[in-house]
Amino acid sequence: MPVVERSLIITNKVGLHARPARLLVQTAALFQSQILLQCGTQTVNAKSIVGVLRLGARCGSTIRLRAEGEDAEEAVRSIADLVLRNFDEDAEDEESPTRPQGGHTGTEGASGGTSA
């Protein structure tokens, strides 16, 4: 069985918190290979959200990705791409509009509900 390993540095601002961990687990679940993540002395199954969160990988942490199986190369490539894209968090920051302070958007109170 092919084995592929790669080291990656977590560079998104808040590290491997719930949202990026979920994306990583969802990506890992697409593959048949056994996929492990190591951070420091801990090694966990990359298909386990609890395991990935328990790694506590922060911005600047190095994680070791290891996949074993027929689709190991593709699995490592896909997960590495996700990490290198900062789990697409930077793009979300740019896309989320900032609400002007004290500005009226014309929609407050229109439905009788509260605006978030």
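Two strands of a sheet count as paired if DSSP finds at least two bridges between them. Helices (H or I, at least four residues) and strands (E, at least two) are DSSP runs, numbered from the N terminus. The structure is a predicted model, in which local features need pLDDT of at least 70, side-chain atom pairs count only at pLDDT 80 or more, and totals for chains, interfaces and linings use all residues. Residues are numbered from 1 along each chain as its sequence is written, and side-chain values use heavy atoms, with hydrogens and water left out.

**Exercise 1. List the elements of the protein from the N terminus on, and describe how its four strands form a sheet.**

Solution. Begin with the inventory: the protein has four helices and four strands, and from the N terminus on they follow the pattern β-α-β-β-α-β-α-α. Next, place the strands side by side, which gives an open sheet in the order E1-E4-E2-E3 with antiparallel pairing. The edges of this sheet are E1 (3-9) and E3 (42-45), each of which pairs on one side only. From one strand to the next, the twist averages 20°, where axes are lines fitted to C-alpha atoms, for helices over the stretch in contact, and angles run from 0 to 180 degrees between N-to-C directions.

**Exercise 2. Work out how E4 is joined to E1 and to E2, and how its side chains are arranged.**

Solution. Recall that strands of a sheet pair through backbone hydrogen bonds, either parallel or antiparallel. On one pairing, E1 and E4 (residues 62-68) run antiparallel and are joined by seven bridges; here Ile-9 stands opposite Thr-62, and Ser-7 has Arg-64 as its bridge partner. On the other pairing, E2 and E4 are antiparallel over five bridges, with Gln-34 opposite Glu-68.

For the side chains, a term is needed: buried means under 20% relative accessible area, exposed over 50%, and partly exposed in between (1.4 Å probe, protein chains only). In a regular strand the side chains alternate between the two faces of the sheet.

**Exercise 3. Check the length of H3 against the span its residues should have, then find which of its residues are buried and what they pack against.**

Solution. Start with the length: the expected span of a helix is 1.5 Å times one less than its number of residues. The 13 residues of H3 should therefore span 18 Å, and the end C-alpha atoms are 18 Å apart, which agrees.

Then list the buried residues of H3, which are Ala-72, Ala-75, Val-76, Ile-79, Ala-80, Leu-82 and Val-83. Seen down the axis of H3, these buried residues fall within an arc of 155°, so they line one face of the helix; the arc is that of the directions from the helix axis to the C-beta atoms. On the other side of H3, Glu-73 and Leu-84 are exposed.

Finally, look at the neighbours, taking contact to mean heavy atoms within 4.5 Å. The buried residues of H3 pack against E1, H1 (18-28), E2 and E4, and H3 lies across E1, E2 (34-39) and E4, running at about 5° to E1.

**Exercise 4. Locate Asn-86 and Phe-87, and describe the phi of Asn-86 and of Phe-87.**

Solution. Most residues other than glycine have a negative phi, and most peptide bonds are trans. Asn-86, in the loop between H3 (72-84) and H4 (89-95), has a positive phi of about 55° although it is not a glycine. Phe-87 lies in the loop between H3 and H4, and its phi is near 55°, a positive value too. For accessibility, Asn-86 counts as buried at 12%, and Phe-87 counts as buried at 0%.

**Exercise 5. Find how many disulfides the whole structure holds, and state how accessible Cys-39 and Cys-59 are.**

Solution. A disulfide is a pair of cysteine sulfur atoms within 2.5 Å, and a search of the whole structure finds zero of them. Cys-39 counts as buried at 13% relative accessibility, while Cys-59 is partly exposed, with a relative accessible area of 45%.
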